[in-house]
Amino acid sequence: MPPDSRIRASWTPSRLALLATGVIFVALCFSILPDGLVWNNDSTDIDAVGGSTLRRLQWMPLFLLAAYIVWRRRVVTLALLPGINPFLLVFIAYATLSVLWSPYPGVTVRKLVLLYGLVLIGLTPLVAGWYPGRFADLLRNAFTLMLVVSVFLALFLPQIGKEPDGEFAGYWRGARSTKNLLAALAAAGGLLWVHALATGRTTLARGLAGLAVATLCLLMSRGKTGLLTFVVSAPLLWLVARPPIRARYLLPTALLAGLVLLVVPLFAFILAMERLPTLTDITTPIALAVGKDPTLTSRDQLWLMMWEHIQSHWLLGFGYDSFWLGTTGPSGEIAEKLYWLPWQAHNGYVDLLNETGVVGVALFLGFALVHLRQILRLAAVDRGNAALHLALFVTILMSNVSESSLFRGLTIYWLMLLFSSLSLTRALSARVPRLLADAGGRTQAGDPEGDRPCA
């Protein structure tokens with residue numbers, strides 16, 4: 001049995017730890033389900049400027065409970081702050097400043113409240129009830145529950161669980177609002193079960209059952225992006241968690257293999273075509289391989305329109321998460337030209353550049369480098385959990401080529417990235433165990449108030 005499993009088996013949660021578990025579990029489920037439990041493809045009636053009253057009623061109690069837990073555990077919280085990815089903190093500060101130049105400051109403030117609240121929620125399992133596999137267990141349990149609900153809805157309530165009309169009629173969407181969102185959830189759920197199997201956190205029968213549910217939802221939703229990210233990230237996770245070669249040779253081998261896979265096709269293309277490949281040359285075979293239009297369902301037209309808007313605010317951006325307001329403002333102008341209403345640029349990097357400018361993109365690059373460095377540090381002491389953080393990060397980076405989720409609202413991938421970053425902070429923190437030891441706590445898995453490992 002892995003050390004993490006032994007710790008968890010002897011772990012008795014306090015009431016505060018149970019409350020933290022409930023808060024983040026409900027938050028994950030709320031982020032998966034559509035607002036108001038309304039599966040409505042007609043998004044033209046959404047009040048993007050004023051916001052949803054029901055959403056406020058859903059989330060404000062969770063934010064208040066999270067703030068209460070963080071306050072109760074403020075000594076641990078303050079001990080963790082120096083280890084948080086500094087670029088995450090700077091990005092939050094920068095997003096707050098964007099209220100000054102946002103054309104819709106009220107919208108930006110509302111999105112900032114959501115951002116602050118999600119950070120509080122992400123801190124709760126770190127300061128109350130922590131053990132090394134807590135991040136993986138929370139995500140796996142919540143995602144699996146929603147995938148089981150999705151299967152039930154698709155089979156027994158198809159008017160809810162399946163796409164109702166259009167070219168995707170009959171495709172599964174389950175507990176989510178679209179088939180692509182279900183595919184994203186299924187890909188993440190599948191990775192979590194692969195991780196559980198690779199690290200021995202579950203039995204073979206239970207792991208295969210969970211993986212089967214995730215695979216069923218992934219295939220029946222026919223989400224090509226979700227399928228591609230899973231096919232790439234799952235083997236990566238397994239190889240890092242259970243490397244077939246000695247660990248010190250794993251990174252050089254992976255870099256060499258990646259270099260070969262990049263250089264050989266490039267060399268062959270140059271010899272055959274006598275020129276360097278263009279962006280279309282690169283994206284067309286990838287799109288065709290996953291069954292997509294080479295123009296990525298005409299998203300290239302959307303990206304060209306976005307680029308025109310970016311020119312006017314390329315340095316500081318339009319304002320944090322305040323561009324896509326339906327028929328209001330510039331997003332309404334884009335909708336009129338496209339004859340359909342987008343709620344994102346269908347590229348997380350384009351949206352990040354548009355809403356936060358070059359400054360925001362630079363902060364994200366800094367965040368990504370520090371995040372990878374933290375994963376490598378964790379791999380030295382806990383390769384299994386490091387493998388999960390790496391696989392999820394690769395999944396998020398890949399998915400943002402066609403779907404926007406970076407630093408964005410209640411998207412599952414943004415929540416996973418945020419919670420992953422915060423969890424790495426606790427996993428790598430040396431200050432908290434020393435602090436709790438000074439307080440007379442038992443530090444192998446926790447502390448005297450939030451975590452109580454049995455003797």
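Residues are called buried when their relative accessible area is under 20%, exposed when it is over 50%, and partly exposed in between (1.4 Å probe, protein chains only). The structure described here is a predicted model, in which local features need pLDDT of at least 70 and side-chain atom pairs count only at pLDDT 80 or more, while totals for chains, interfaces and linings use all residues. Residues are numbered from 1 along each chain as its sequence is written, and side-chain values use heavy atoms, with hydrogens and water left out.

Helices, taken as DSSP runs of H or I with at least four residues, are numbered from the N terminus. In α15, the buried residues are Pro330, Ser331, Gly332, Ile334, Ala335 and Leu338, and what covers them includes α14, where contact means heavy atoms within 4.5 Å. Just after α15, tyrosine 339 takes a positive phi of about 65 degrees. The loop between α15 and α16 holds histidine 346, which counts as buried at 14% relative accessibility. When its neighbours within four places in sequence are left aside, histidine 346 is in contact with Arg299, Leu302, Trp303, Trp340, Asp351, Val401, Ser402, Glu403 and Ser404.

Four cavities of 30 Å³ or more are present in the structure. A cavity is defined on a 1 Å grid over the protein atoms alone as a set of points where a 1.4 Å probe fits but cannot get out, and its lining residues have an atom within 4 Å of a point; grid points are joined across faces, edges and corners, and the volume is the space filled by probe spheres set on the points. The largest cavity has a volume of about 80 Å³ and is lined by Phe91, Tyr320, Asp321, Gly348, Asp351, Leu352, Glu355, Thr356, Leu406, Phe407 and Arg408. Helix α16 (residues 348-379) supplies the largest share of this lining, five residues. By class, the lining of the largest cavity comprises five nonpolar, two polar and four charged residues, with Ala, Val, Leu, Ile, Met, Phe, Trp, Tyr, Cys and Pro counted as nonpolar, Asp, Glu, Lys and Arg as charged, and the others, Gly among them, as polar.

Aspartate 321, in the loop between α14 (299-310) and α15 (329-338), has a positive phi of about 50 degrees although it is not a glycine, and is buried with a relative accessible area of 8%. Phenylalanine 407, in the loop between α17 and α18, has a positive phi of about 55 degrees, again without being a glycine, and is buried with a relative accessible area of 3%.

The second largest cavity holds about 70 Å³ of space, and its lining includes Trp130, Pro132, Phe135, Asp382, Asn385, His389 and Ser423. At least two lining residues come from each of α7 (134-156), α17 (383-399) and α18 (412-428), the largest share, three residues, being that of α17. Seven nonpolar, four polar and one charged residues make up the lining of the second largest cavity.

Helix α3 (residues 53-72) has 20 residues and reaches 29 Å from its first C-alpha to its last, close to the 28 Å expected at 1.5 Å a residue, the expected span being 1.5 Å times one less than the number of residues. A kink of about 25 degrees lies at tryptophan 59 in α3, shortly before proline 61, the bend being the angle between axes fitted to the seven residues ending at a residue and the seven starting there. Tryptophan 59 is also among the buried residues of α3, which include Gln58, Leu62 and Phe63; the cover over the buried residues of α3 includes α2 (15-32), α4 (74-80) and α6 (105-127).

Methods: 1 Å grid on protein atoms, 1.4 Å probe; cavity = no way out; pocket = protein on both sides within 12 Å on 5 of 7 lines; lining within 4 Å.
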